[in-house]
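Subject: Structure handover

Hi,

Here is the structure I promised to pass on to you.

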Amino acid sequence: EDEKIRAVALTSLASIVSEKDIALLIRLLQRGDATLRQGVRTIILGMRSDRLGLALAKALPTTDDTLGIIILDLLVKARPHSGAAADLKRTITTHPSPLVRARTMALVGQLKMKALYDTILQAIHSDDPLLREGAADAISGIGKLEYTRKIQPLLKDSDVDVRIAALRCLA
């Protein structure tokens, strides 16, 4: 019963949160404990705002691993438009966590953000196997033959996870 009341309250709250409060919610995600983070995630997921994806993408390059993965999960649902490309590119090229960089590439592929295709293609040649794997996952999301052909060198990669990602992409 209490959980139902909390769920209704959070859903109602999500509908009254204005776009300018998105930054505050992201700060709460950064500083909150697990329970608070879950509540904030629920609020953000309930928001209907074109600016939500932009705000989440803007926060992504400065996050730690845990928060980066949470924000990427939210971005999948927020479906940011091309205005978020610069922040997503900054995450791919400068974020200290290879995991967040690789997951961001996969998101870009899933969203088919053409402005970042060259950035993804460059990652095929990265020294970091996680980034090569992320590039293969991104190109799989893009799904264009001209890009999937560029994955072929990864089929002979020294890292087994990279080879598996390349196979998934070509399948």
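Of the 171 residues in the chain, 44% count as buried. Here buried means under 20% relative accessible area, exposed means over 50%, and partly exposed is what falls in between, with a 1.4 Å probe and protein chains only. The model is a predicted one, so local features need pLDDT of at least 70 and side-chain atom pairs count only at pLDDT 80 or more, while totals for chains, interfaces and linings use all residues. Residues are numbered from 1 along each chain as its sequence is written, and side-chain values use heavy atoms, with hydrogens and water left out.

On the overall fold: the chain has 11 helices and 0 strands. Read from the N terminus on, its elements run α-α-α-α-α-α-α-α-α-α-α. Helices (H or I, at least four residues) and strands (E, at least two) are DSSP runs, numbered from the N terminus.

Leu24, Leu28 and Leu36 make a nonpolar patch of about 220 Å². Patches are built from residues with over 30% relative accessible area and no salt bridge, joining like charges within 9 Å and nonpolar side chains (Val, Leu, Ile, Met, Phe, Trp, Tyr) within 5 Å. The areas come from the Shrake-Rupley method with a 1.4 Å probe, and for residues only the protein chains shown count as cover.

Next, a helix pair. Two packed helices are described by the angle between their axes and the distance between the axes. Helix H6 (residues 85–94) packs with helix H7 (residues 98–111) at an angle of about 140°, and their axes are 8 Å apart. The axes are lines fitted to C-alpha atoms, for helices over the stretch in contact, and the angles run from 0 to 180 degrees between N-to-C directions. H6 and H7 are therefore oblique to each other; angles under 35 degrees count as roughly parallel, over 145 as roughly antiparallel, 65 to 115 as roughly perpendicular, and the rest as oblique. H6 passes H7 in a left-handed crossing, a term for the near helix being turned anticlockwise from the far one by less than a right angle, whereas clockwise is right-handed.

How many salt bridges are there? The count comes to 3, where a salt bridge is a side-chain nitrogen of Lys or Arg within 4 Å of a carboxyl oxygen of Asp or Glu. Side chains of opposite charge can pair when their charged atoms come close.

- Asp87 and Arg90 pair at 3.3 Å, N to O. They are 3 residues apart in helix H6, so about one helical turn separates them. Asp87 is buried at 15% relative accessibility, and Arg90 is partly exposed at 37%.
- Arg132 and Asp157 pair at 2.7 Å, N to O. Arg132 lies in helix H9 (residues 129–142) and Asp157 in the loop between helix H10 (145–148) and helix H11 (160–170), so the pair ties together parts that are 25 residues apart in sequence. Arg132 is buried at 9% relative accessibility, and Asp157 is buried at 10%.
- Asp137 and Arg168 pair at 2.8 Å, N to O. Asp137 lies in helix H9 and Arg168 in helix H11, so this pair ties together parts that are 31 residues apart in sequence. Asp137 is partly exposed at 26% relative accessible area, as Arg168 is at 44%.

One backbone detail is worth a look. Most residues other than glycine have a negative phi, and most peptide bonds are trans. Lys112, although not a glycine, has a positive phi of about 55°. Lys112 is in the loop between H7 and helix H8 (117–123) and is partly exposed, with a relative accessible area of 44%.

Lys150, in the loop between H10 and H11, is partly exposed at 44% relative accessible area. The C-alpha atoms of Lys150 and Leu121, 29 residues apart along the chain, are 7.8 Å from each other. Ile120 lies in helix H8 and is buried, with a relative accessible area of 0%. From the C-alpha atom of Ile120 to that of Ala136, 16 residues away along the chain, the separation is 8.6 Å.

Best wishes
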